[in-house]
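Please keep the sequence and the model in view while reading.

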Amino acid sequence: MNKANEPTLARTIKVRASATESAPRPKRGAVTIVEPYRIKVVERIRRTTPAQREAALRKAGFNPFNLPSDKVFIDLLTDSGTSAMSDVQWGALMVGDESYAGARSFFRFEKAVRTIFGFPHVIPTHQGRAAERILFEALLAKGRSVPSNIHFDTTQANIEVRGAKALNLVKDVAYDPDDPSPFKGDMDIARLEKALDRGGENVPLVMLTVTNNSGGGQPVSLANMRRVSAVCHAHRVPFFFDACRFAENAYFIKKREPGYARRSILSIAREMFALADGATMSAKKDALVNIGGFLTFRDDALAGRVKNILVIGEGFPTYGGLAGRDLEAIARGLEEVVEDDYLEHRTGQVAYLARLLEEAGVPVFKPVGGHAVYLLADRFLPHIPRHQYPGWALTIALYREAGIRSVEIGGVMFGKMDPKTGRETYPKLEMVRLAVPRRVYTASHLDYVAEAIISVYGKRDRVKGMRIVEQPKHLRHFSATLEELV
Ligand code: F0G
């Protein structure tokens, strides 16, 4: 950070006050986005020197996934599994029932999931991608297609390893980072109908990702969910939610969709899931825990198949890869995540960070999503062409500047080699995601992040493009090594 950009108390307070003006405000007349909790336990984090960060980057092969976390000061890599649990959740760990079969904790977990999702079958898994893998193994044959608004990377990979196709049928507006539409996660219904008309039998299920993580964390409207449900059911195709961030999506429905302002988050979530046949869930997001997931659905025949697959690779159906204490923590987390004051603060924090950046002219995806601020890396670094991965280069620059870890959602994560031309093709958006962990960082942490990014923006022409040195076949961003171009 250069001298001119060093934070001063006066500047911080000024920026914070103006930033809250258009960010969602708490009710009852307050002007600050105030944490609806107080701190009972702290975890020390350490700042590093520029030389330490330089060494860490080289050792990591310029891949933020390879950085040891003690070399990271503010970790915005993901909001997944990084939540701070509440005192109630920590307390619940002690009453976990670790019986192999029929554990008390399973029934508590099952009840909490049914209260929100309403489906009879509730299958615990160790995390979201296990739920996806098991569902696809049960339903998906080679050559089939699975439409969604936009599949997340692990979902897409789980479909592709089965020789099937992941179709992204979000409305075009999702790819316009300046369009202020409130529900940019909505599925393009005409394209969905076309995919199903062309061969409904080749589509064993339709998914809808809420919120749409790979498209800027944008919500899907209830009106759109209703239409997706109607089209699927007219074609007799099951409709599943990828429900990782269902509570954040429900909160945006409450705030933005006419007719929902006075409804509880729980009742909105129930209305969403009543339209579907099932859901996959990563409890590491909107169940406020560090590990866990589940699969929940209506179909009895599917339950038989799924439980067979589960027992072979994951665990017995009443624990499915989790400890009894994990099931207890998920049950409590699901109760806490649908509370209004939690969601108001949660989405308010993300909006606050976006506002600080926008005020300084930093290009961000609009409107701001539920769990993260997405930087538009191609606009931030216009001198770096797509084949030199500007998003990835920006993640390196942010780490180098201030020890902030972020993730590229762009050419490295979603780039594909075209077998015909031998050339790489790139996703429409080249972004860097600053995912805000739930209940972990304070407003001053976010101020620090904004100041560092603004400082990098001020000297952006010095950031260099990247080249991939080594990469695996699937999900290359997790383990590829790169180098900077000179
Ligand atoms: N679906 C979506 C929309 C996700 O965002 C994720 C994970 C998964 C499925 C898989 O769940 O990690 O429990 O296996 N997203 C994380 C992220 C990793 O950083 O966005 P998982």
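**Salt bridges in the predicted model**

Asp-286 and Arg-438 are joined through their side chains by a salt bridge, with 3.1 Å from N to O; the term stands for a side-chain nitrogen of Lys or Arg within 4 Å of a carboxyl oxygen of Asp or Glu. By this rule the count comes to 29 salt bridges. This is a predicted model, in which local features need pLDDT of at least 70 and side-chain atom pairs count only at pLDDT 80 or more, while totals for chains, interfaces and linings use all residues. Residues are numbered from 1 along each chain as its sequence is written, and side-chain values use heavy atoms, with hydrogens and water left out.

**Asp-286 and Arg-438**
- Asp-286 is buried at 0% relative accessibility, where buried means under 20% relative accessible area, exposed over 50% and partly exposed in between (1.4 Å probe, protein chains only).
- Arg-438 is likewise buried, with a relative accessible area of 0%.

**Glu-336 and Arg-439**
- A salt bridge of 2.9 Å, N to O, connects the side chains of Glu-336 and Arg-439.
- Glu-336 counts as buried at 11% relative accessibility, and Arg-439 counts as buried at 17%.

**Arg-467 and Glu-483**
- The side chains of Arg-467 and Glu-483 form a salt bridge at 3.1 Å, N to O.
- Arg-467 is partly exposed, with a relative accessible area of 39%, and Glu-483 counts as partly exposed at 34% relative accessibility.
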